[in-house]
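Here are some notes on the model, for reading alongside the sequence. They are set out as numbered points.

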Amino acid sequence: MKRDTRANVAAGLLLLFLAWLVLYPLLLVLIEGFRGPDGWTFDFVRQFFRRRNEAQALWGSLWISVATVVLAGGIGVPLAFLFWRYDFPGRRTLGGLVALPAVLPPLVGVIAFLFLYGESGFTSLLVQWLFGLDEPPWRLQGAAAILLVHAYSMYVYFYLFTRAGLSSLDASVFEAAASLGAGRGRTLRRVVLPLLYPSLGGGALLTFMTALASFSAPYIFGGGFRVMPTQIVATRLNGDDQLAMVETASLTLLALLALWLLRGVRSPNEQGGGRKGVPPALVPIRSRTARMLVAVLGWGLALVLLLPHLTLLLVSFVPVGTWTTEPFPPAYTWRNYLTLIQDPVRARPLLNSLWLATAATAVAVAVALLAGILTVRSRVRTGGAIQSLLTLPWAVPGTVFAIALATAFSVHAPLAGRFILVGTLWILPLAYLVRDLPLTGRAVLAGLRGLDPSLDEAAATLGAGWWRTLRRVTLPLLRPALVAGASLAFVTAFGDFVTSIMLYTYDTRPISLEILSSLRQSDVGVAAAYGVVLMAVSALVFAVGAEQGSTG
Amino acid sequence: MPFLRLEDLSKRFGATLAVDHVSLALERGEILALLGPSGSGKTTTLRLLAGFEVPDSGRVLVEQDDVTAVAPVARRFGMVFQHYALFPHLDVGQNVAFGLESLGVGGEELSQRVARALTLVDLAGFERRRIGQLSGGQQQRVALARALAPEPRVLLLDEPLSNLDPALRERTRREIRELIRRVGITSVFVTHEQEEAFDLGDRVAVLRGGRLEQVGTPEDLYATPATEFVAEFVGRSSSIPVTVLGPGDRGLRIAVEGVEWQLTDGASSSAPAGPATMVVRPEALRLLDPAPGSINGVITQRRFTGSASLYTVVTDGGASLEVSGPPRAVSPGQRTGILPSRRAGGGIHLFPAPKE
């Protein structure tokens with residue numbers, strides 16, 4: 001039929017585009033690692049295996065990621081249980097604060113920690129001042145520092161997944177367990193945990209992949225401690241391009257291996273189909289001491305969660321060069337923010353990030369929508385391949401894609417689909433697009449699967465053509481999913497550091513790079529002001545996304 | 001000349017033949033029920049009619065037009081979906097207007113025709129209501145109004161009553177029937193409930209495993225079922241293996257559980273002499289104390305239905321028969337005999353036993 005043919009042609013073109021953008025650069029990296037000046041060679045692979053620091057970086061990546069999963073799970077899961085089961089003073093307020101780390105883009109979180117817990121940060125200066133020490137009491141460096149940042153920023157995944165899993169449990173499950181004589185421990189062990197496995201698995205997978213790809217924390221705090229993403233950048237800075245490609249390939253394999261090992265787990269909203277259980281009644285905490293304890297712990301936690309944000313805000317008012325050894329900055333000014341607006345050189349990154357993220361988000365939404373309609377609705381034969389390519393960038397660390405795109409698009413060979421884009425305006429939006437595709441793709445696919453296909457058929461029987469059905473029926477109903485996917489995509493692109501650092505040009509330098517260079521020039525105030533802008537925009541976009549998602 | 005014709009339609013999904021050479025014809029204004037258990041191909045047949053599926057072979061014709069390859073819109077068929085498929089983000093009026101807008105109707109005429117369609121389903125003035133505020137029955141009527149507003153040539157309904165609670169069904173059934181009659185539109189609807197098919201359909205097509213078993217008026221199907229399946233699926237009945245012996249002086253002679261019966265009153269038979277299955281309505285049998293010539297068994301269940309009771313009897317031969325009798329004739333656990341009632345009235349049908 002004509003409709004089918006057209007859909008299949010469109011799907012073929014889309015598949016080609018995705019393969020060119022997502023798969024092709026990765027394959028080129030794989031191949032380039034085996035190519036020397038005189039043809040094929042195993043030299044670089046041999047080098048990779050011979051050098052001790054390569055193995056160390058790979059091992060570092062692996063154990064840091066596993067340790068992050070354990071830490072984040074250790075914080076996020078009990079917290080989720082606490083909020084789900086118990087009533088205590090301040091429960092609502094705290095519940096809102098718990099997701100706060102999510103509004104800090106990776107680099108911003110890292111510099112907030114730097115200002116807060118670093119050698120010349122508030123806490124260490126405070127401790128130094130209180131105890132009259134000559135030296136900073138600790139150094140925020142190495143694996144411990146990385147893990148601290150990871151635990152802070154990634155426990156949210158476990159918390160949210162566990163909450164979602166718990167909220168899909170129906171009270172009748174517990175009533176049944178109780179009527180069958182199961183005590184609290186046995187109910188937890190035999191009923192609740194098995195039902196939560198998919199959620200916990202989903203949280204673990206997301207945390208592991210994020211930790212494996214984490215770049216900002218190791219880059220700023222790593223010092224001599226290397227993980228693979230920072231190792232790749234270092235190798236590339238040394239000019240050992242081919243070796244960097246072998247490293248990139250090894251990190252990719254590690255990521256795909258992890259994904260394959262955890263392939264059985266699915267996120268709860270994928271398997272749950274949106275059915276929501278009636279939650280069991282909250283248990284109020286009655287004992288006075290327990291209430292006190294929970295209140296103190298709770299507000300302590302809130303403080304810990306909020307401190308990085310507050311720190312950033314405070315530091316953003318510090319004039320350049322005025323804060324050295326005092327526990328608190330002696331002077332405050334609005335000038336940092338004014339600079340961002342008035343100085344064209346300083347305002348540029350803000351504008352850059354805005355248009356880069358907007359463009360990448362818009363294209364990512366459009367591609368996801370097209371892919372969704374073709375694969376979910378028209379059920380084209382290439383649907384599986386399209387969906388895989390759409391989600392692939394989620395599994396592959398950002399560093400890898402940065403290297404892959406830098407490799408693929410630094411050569412002029414139009415027949416091979418390669419153009420010189422590195423050093424131009426186009427490479428960053430393209431890189432952001434790749435990183436955004438899985439986010440919009442997931443949202444749109446899930447949204448479309450949730451729509452009753454008979455709505456489309458109803459529109460068709462009522463004489464609506466393809467375009468009118470899309471505009472009047474599909475898009476309005478899909479709006480919550482589109483907004484959710486777009487806001488996630490925008491925030492990711494807006495705060496991106498890992499791909500930007502390798503692909504930016506002076507004209508397209510984004511906010512994250514400007515933060516880094518301000519930091520290098522010890523202009524902490526401006527760095528923090530940029531950080532606050534990133535944080536505020538992220539929070540705003542998330543809030544809009546949540547609002548639209550719930551009312552749409 | 002029939003208004004709507006399905007000619008030799010077949011549709012295969014993978015290994016299963018969902019619709020197997022089905023041919024049907026409808027007169028203008030006729031209501032046809034597609035009746036069958038799940039997996040019988042009735043929904044696929046409806047979707048082939050609507051144009052959502054393309055048949056592997058066969059044709060669909062409306063007024064001599066071949067619409068087999070025509071897109072759903074261009075067929076000008078209205079459809080009421082099982083879960084209504086009302087657009088949740090549009091209000092009632094916008095839902096009903098949707099199909100009219102496709103035809104380019106606008107302005108004053110649009111609102112008039114929306115109002116007329118809503119009046120037709122007794123929902124006048126409901127234009128600005130949200131879909132979520134409506135009851136199930138009202139949603140169903142909005143779906144009807146939406147399908148009818150563009151004045152389609154044929155109305156298709158997919159299990160129109162399955163989403164309503166039983167108390168509402170009978171009333172809604174009546175309302176739909178009256179509405180279709182009033183509009184005079186040729187209609188095809190799918191159902192798996194015989195009562196619904198009989199009540200709403202002028203004729204009923206019984207489908208099984210993708211094949212058309214029989215099509216006819218409810219009376220035809222009940223009185224002269226063409227196959228054992230139709231006999232059992234349509235109306236209450238039970239079956240028992242018998243041997244057809246041949247014609248006797250007072251009627252057809254059969255052997256059943258070691259005794260011989262002569263079926264005097266209008267038993268229909270498509271079975272030659274030899275092993276056969278007897279499908280029998282409860283009212284075509286009667287209970288009595290075990291006697292010469294009766295088959296005997298134990299009452300296992302009694303269901304009171306008002307003027308009579310339905311008794312389930314497990315015979316000594318192991319068959320389970322449903323027999324209608326006076327409300328309190330016998331109690332479960334008692335032994336009883338069974339004979340054909342003197343006026344079986346076409347309630348007994350014999351079909352050749354399936355070949356092993």
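Which residues touch the most other members of the largest nonpolar core? The points below start there; note that the model is predicted.

1. The largest nonpolar core holds 262 residues. Those in touch with the most other members are A:Ile111, A:Ile403, A:Leu405, A:Ala431, B:Ala145, B:Leu156 and B:Ala205. Helix α7 of chain A (residues 142-167) gives this core its largest share, 15 residues.

2. Apart from neighbours within four places in sequence, A:Ala431 is in contact with A:Phe401, A:Ala402, A:Leu405, A:Thr499 and A:Leu503. One of these, A:Leu405, is also in the list of core residues that touch the most other members.

3. Contact between the chains involves 19 residues of chain B and 14 residues of chain A. On the chain B side, α2 (72-75), β6 (77-80) and α3 (92-102) supply at least two residues each. By class, that side has 13 nonpolar, five polar and one charged residues.

4. Chain B has an open, antiparallel sheet of five strands, in the order β16-β20-β17-β18-β19. Strands β16 (285-288) and β19 (320-325) of chain B are at the edges with a single partner strand each, so one side of each has no neighbour in the sheet. On average, and ignoring direction, neighbouring strands of this sheet are turned by 45° against each other.

5. Within that sheet, strands β17 (residues 295-304) and β20 (residues 335-340) of chain B run antiparallel and are joined by four bridges. B:Ile295 has B:Ile338 as its bridge partner in β20(B). Strands of a sheet pair through backbone hydrogen bonds.

Terms used: Residues numbered from 1 in each chain as written. Chains lettered and ligands numbered in written order. Predicted model: local features only at pLDDT ≥ 70, side-chain atom pairs only at ≥ 80, totals over all residues. Pairing = 2+ DSSP bridges. Axes fitted to C-alpha atoms, helices over the stretch in contact; angles between N-to-C directions. Core = buried A, V, L, I, M, F, W, Y, C linked by C-beta atoms within 7 Å. Buried ≥ 20, exposed ≤ 12 C-beta atoms within 10 Å, placed from the backbone. Contact = placed C-beta atoms within 7 Å. Nonpolar A, V, L, I, M, F, W, Y, C, P; charged D, E, K, R; others polar.
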